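I opened this structure to look up a few local features and to write down what I found, entry by entry. My notes follow the model below.

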Amino acid sequence: MEHRCAEYGFPIETLFVQYSPGNIQLMRCANCEAVADEYIECEFMIILIDLILHKTKSYRHLLFSVINQRRVTFEGLLWKSIFVFLLLDANRSLLLKRNAGEWGSSVSFSSIVSTFQEILVDVFVGNFMFICVFLLSMRLLLNTSIQISRCRDILLAVLVSSHFKIFLIATMVWEFPFSVIFIIDLFVLSSNMVALKVFSEPAMNRCIAACFCARAVKLLVTQISTQISLRF
């Protein structure tokens with residue numbers, strides 16, 4: 001991924017010039033003549049707040065300035081993101097089963113094994129179908145090429161934009177209404193839409209359609225897989 005102007009997404013060669021340690025000059029975009037990426041000098045909390053507020057320029061900063069193949073080990077970051085994503089998704093499935101009363105205080109070893117089997121099916125099969133449908137939707141709805149390098153970039157964008165899943169950890173410490181899990185899901189979905197809009201620059205309605213198709217197929221596959229596992 002190349003550097004982009006955080007304001008409008010124009011390609012740019014460099015974001016700043018460093019004269020000495022701690023002494024940098026932010027570059028201006030040749031197209032819009034604005035500072036290419038003002039977030040370089042911002043504190044992490046300001047960037048995080050803007051990400052939560054779904055500001056497109058904060059997502060451009062995250063995807064094109066912070067996460068850049070030339071500045072970080074891309075493969076290592078991708079695998080770490082996948083691990084954290086799956087771990088948080090497994091936590092979500094466990095919370096849903098606990099709230100549904102499927103895992104109470106007194107359970108047998110066989111029921112624990114069965115629950116973990118269902119969670120594994122939910123996490124791995126559901127997310128595999130989610131990614132496949134997501135990439136297919138991008139190909140059909142957004143007319144976006146899906147070469148290997150492009151797929152990796154899109155996958156990392158989806159994983160990183162799912163940062164709202166981290167709030168699921170709080171539901172394990174404090175008591176929250178059951179609806180909080182689905183509210184977090186909505187925030188994750190909307191964040192995925194913004195990241196997709198920033199990454200591929202299509203119309204927002206097509207981004208919404210692509211994300212909803214992938215999410216709907218994931219839920220459908222999860223339900224079917226759970227029913228099949230319960231029969232066996």
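Entry 1: I began with Glu33, which counts as exposed at 59% relative accessibility, where exposed stands for over 50% relative accessible area, buried for under 20% and partly exposed for what lies in between, computed with a 1.4 Å probe on protein chains only. I note for the whole notebook that this is a predicted model, in which local features need pLDDT of at least 70 and side-chain atom pairs count only at pLDDT 80 or more, while totals for chains, interfaces and linings use all residues. I also note that residues are numbered from 1 along each chain as its sequence is written, and that side-chain values use heavy atoms, with hydrogens and water left out.

I placed Glu33 in the loop between strand S2 (23-26) and helix H1 (44-52); helices (H or I, at least four residues) and strands (E, at least two) are taken as DSSP runs, numbered from the N terminus. I then found a positive phi of about 65 degrees at His54, which is not a glycine either, and this residue belongs to the loop between H1 and H2.

**Entry 2: helix H2.** How many of the eleven residues of helix H2 (residues 56-66) are buried? I find eight, so the helix is largely enclosed by the rest of the structure. Among the buried residues I listed Tyr59, Arg60, His61 and Phe64. I also looked at the ring of Phe64 and found Arg4 over its face, at 5.0 Å from the ring centre; a charge sits over a ring here if NZ of Lys or CZ of Arg is within 6 Å of the ring centre and within 35 degrees of the ring normal.

**Entry 3: salt bridges.** I looked up the salt bridges, each being a side-chain nitrogen of Lys or Arg within 4 Å of a carboxyl oxygen of Asp or Glu, and the structure holds five of them. One of them joins Lys55 to Asp50, with 3.6 Å from N to O; Lys55 is partly exposed at 36% relative accessibility, whereas Asp50 is buried with a relative accessible area of 10%.

I then turned to Lys165, whose salt bridge with Asp89 brings the closest N and O atoms to 2.8 Å apart. Lys165 lies in the loop between helix H5 (148-160) and helix H6 (170-173) and Asp89 in helix H3 (residues 74-99), so this pair ties together parts that are 76 residues apart in sequence. Lys165 is buried at 2% relative accessible area, and Asp89 is buried at 2% as well.

**Entry 4: aromatic rings.** I next looked for ring pairs, in which rings of Phe, Tyr and Trp (its six-membered ring) have centres within 6.5 Å, with planes under 30 degrees apart counted as stacked, over 60 as edge-to-face and the rest as tilted; the count comes to four aromatic pairs. Phe130 and Phe134 form a tilted pair, 5.9 Å centre to centre and with 35 degrees between the planes. These two residues are four apart in helix H4 (residues 109-141), and are therefore separated by about one helical turn; Phe130 and Phe134 are buried.

The rings of Phe164 and Phe167 also form a tilted pair, with centres 6.0 Å apart and planes at 35 degrees. Phe164 is buried at 6% relative accessible area, while Phe167 is partly exposed at 41%. I noted finally that ring pairs link Phe164, Phe167 and Phe187 into a cluster.
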